[in-house]
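Here's a quick briefing on one chain, with the cut-offs spelled out as we go. Have a look at the fold, then read on.

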Amino acid sequence: MCYYEKTLKNCLNVLQEETKELLHFHTKVPCVDIEANNPQWSWSIYRKYVAKNMPVVIKNACRDWRARKLWNIDYFLQKIPDKDVTVAITPNGYADGVIAENNTDFFAMPEERTMRMSEFLSNMTAPKKNFVCYIQKQNSNLLEDFKELINDVDIELKWAKDIFAKSLDAVNFWMGDERAVTSMHKDPYENIYCVISGYKDFILIPPTDLPHVPYKYYPVGTFKNVSTDHYEIEPKLRNGGGDCDHFIPKPQIRGCQEIETKLENSKYEMLNWVSIDPSRPDTDLYPQFRNANVYKVRINEGDCLYLPSLWFHHVQQSHGCIAVNYWYDMDFDLKYCYYKMLECLST
Ligand SMILES: O=C(O)CCC(=O)C(=O)O
């Protein structure tokens, strides 16, 4: 091992030890009760959790919303049966996840199909084999696509606005099949995730554990013509009009000749994605994952999770679970600068 390799290893060990020290008193995600009418309360949440980039469950945060009483299959069938909705469809529940096809691992995106809400709901009441439906469009779809439902939730979320001191970036509506899995990833958002009906199971890993979270470059494909007995993965060709910055080689691989050459020679769009499934981690294949600080937390209906920016998360749910989440842009502060450096060091 050369001098630079040794120094790098030492640096990453220091980070690992400091992180363990920092987190040792948190064996599970902390939990507090909402005190929305107490102006001091949002300050205490800011000081104890948000400023420290630590997750917290906020019990009863949406307990009293109209949506909690109203939102269910019968209500949607009566209120918005003919509404066209965008549904992510996969044969296996893995939208935006890694799937093996003809001996190649792909990063597979879902087929996005427009269907009537009544059709989506019938897929909830009578789920079909190899046909997993999930409303998961993250384009502020509650405000854009489900205007009829807006008055049933607290759209202002005053306490969160006080904490983040900025306006919302997006409010997303989620409803789906228990087989749907959101694979491990991170977002540049502060996230308030509210469960209206059912429950969500989150697996969380702090951003400081990036060196223990294995990544790989995968060719990108999209599920097509998903039906109960058929689907295809259509690979995305390079220079085919990719509209997502995920598809652009990240700055941290600049200078790594081997990866650059591989990407340049690939005929497909390539995406750098987490290669481990934290719900059944293969630690023989990825031994470094044994060092990760893994938190599992169930968010029950009426409660919400503050999920800090850049925390890795993997999400599963009860069947027909309905949720709404609020995204606030993260602060691109010093923590962010350190994180970008860590990305380079961990490559
Ligand atoms: O609920 C889910 O399936 C995923 C949620 C998520 O990834 C997010 O809110 O950023």
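Helix α5 (residues 117-125) lies across β3, β7 and β8, at about 110 degrees to β7. Helices (H or I, at least four residues) and strands (E, at least two) are DSSP runs, numbered from the N terminus. Contact means C-beta atoms, placed from the backbone, within 7 Å; axes are lines fitted to C-alpha atoms, for helices over the stretch in contact, with angles from 0 to 180 degrees between N-to-C directions.

This is a predicted model: local features need pLDDT of at least 70, side-chain atom pairs count only at pLDDT 80 or more, and totals for chains, interfaces and linings use all residues. Residues are numbered from 1 along each chain as its sequence is written.

**The sheet**
- Nine strands make an open, mixed sheet in the order β1-β2-β17-β11-β19-β9-β8-β3-β7, where pairing takes at least two DSSP bridges.
- β1 (31-33) and β7 (111-116) are the edge strands, each pairing on one side only.
- From one strand to the next, the twist averages 25 degrees.
- β3 (residues 84-90) and β8 (residues 132-135) run antiparallel, joined by three bridges; Ile 89 has Cys 133 in β8 as its bridge partner.

**The whole chain**
- The chain has nine helices and 19 strands.
- Its radius of gyration is 21 Å, close to the 20 Å of the globule rule for 347 residues, so the chain is as compact as a globular protein of that length. The radius is taken over C-alpha atoms, and the rule is 2.2 Å times the number of residues to the power 0.38.
- The C-alpha atoms fill a box of roughly 70 × 55 × 35 Å along the principal axes.

Key
Two residues are in contact if their C-beta atoms, placed from the backbone, lie within 7 Å.
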